Amino acid sequence: MTNVDNTEEAFPVTKSEDEWRRELTPEEYHVLRQAGTERPYTGEYWDTHTNGVYKCRACGAELFTSKEKFDSHCGWPSFWAPLAEGKVRYLHDATLGMERIEVRCANCNSHLGHVFEGEGYQTPTDQRYCINSVSLTLEEDAAAG
């Protein structure tokens with residue numbers, strides 16, 4: 001599984017909560033900065049099959065690509081791996097009475113979603129990065145037409 005790191009550290013993009021509130025919509029702020037969750041099957045990208053790169057909506061860091069995206073039918077965008085090592089960080093999350101691994105942007109420490117393992121999906125990693133659409137922006141691959 002992933003290497004969980006609950007230590008506090010400095011991030012390349014650091015802003016005050018007032019700055020984040022000014023730059024993000026209330027829903028984006030709730031999910032990205034307060035670790036909220038959007039309702040399933042309501043987000044912009046849960047059923048998207050467009051080729052491109054998924055970036056952190058808060059800071060623009062490239063996090064996932066359409067190559068790792070798969071249909072998990074869970075109501076949120078699902079990926080079997082991040083774009084590259086070090087793009088996301090992992091935190092132990094015991095909220096809501098569950099033991100989970102939270103996924104955050106390694107560039108700005110914004111909440112993205114959670115990663116699950118061993119669910120039986122036929123993916124190269126047997127992992128499902130369950131990511132909130134509101135945490136992402138999709139930059140379409142112009143070459144894909």
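1. C105 has a relative accessibility of 0% and counts as buried, where buried means under 20% relative accessible area, exposed over 50% and partly exposed in between, with a 1.4 Å probe and protein chains only. The model is predicted: local features need pLDDT of at least 70, side-chain atom pairs count only at pLDDT 80 or more, and totals for chains, interfaces and linings use all residues. Residues are numbered from 1 along each chain as its sequence is written, and side-chain values use heavy atoms, with hydrogens and water left out.

2. Zero disulfides are found in a search of the whole structure, a disulfide being a pair of cysteine sulfur atoms within 2.5 Å. C105 takes part in no disulfide, and its nearest cysteine sulfur, in C59, is 3.7 Å away. For C56, the closest cysteine sulfur belongs to C108 and lies 3.7 Å away, so the separation is too far for a bond. C56 is likewise buried, at 1% relative accessibility.

3. Backbone geometry deserves a separate remark. Most residues other than glycine have a negative phi. A35 is partly exposed, with a relative accessible area of 35%.

4. N109 also has a positive phi, of about 65°, although it is not a glycine. N109 is placed in the loop between β6 (100-105) and β7 (111-117). Its relative accessibility is 11%, so N109 counts as buried.

Conventions: Helices (H or I, at least four residues) and strands (E, at least two) are DSSP runs, numbered from the N terminus.
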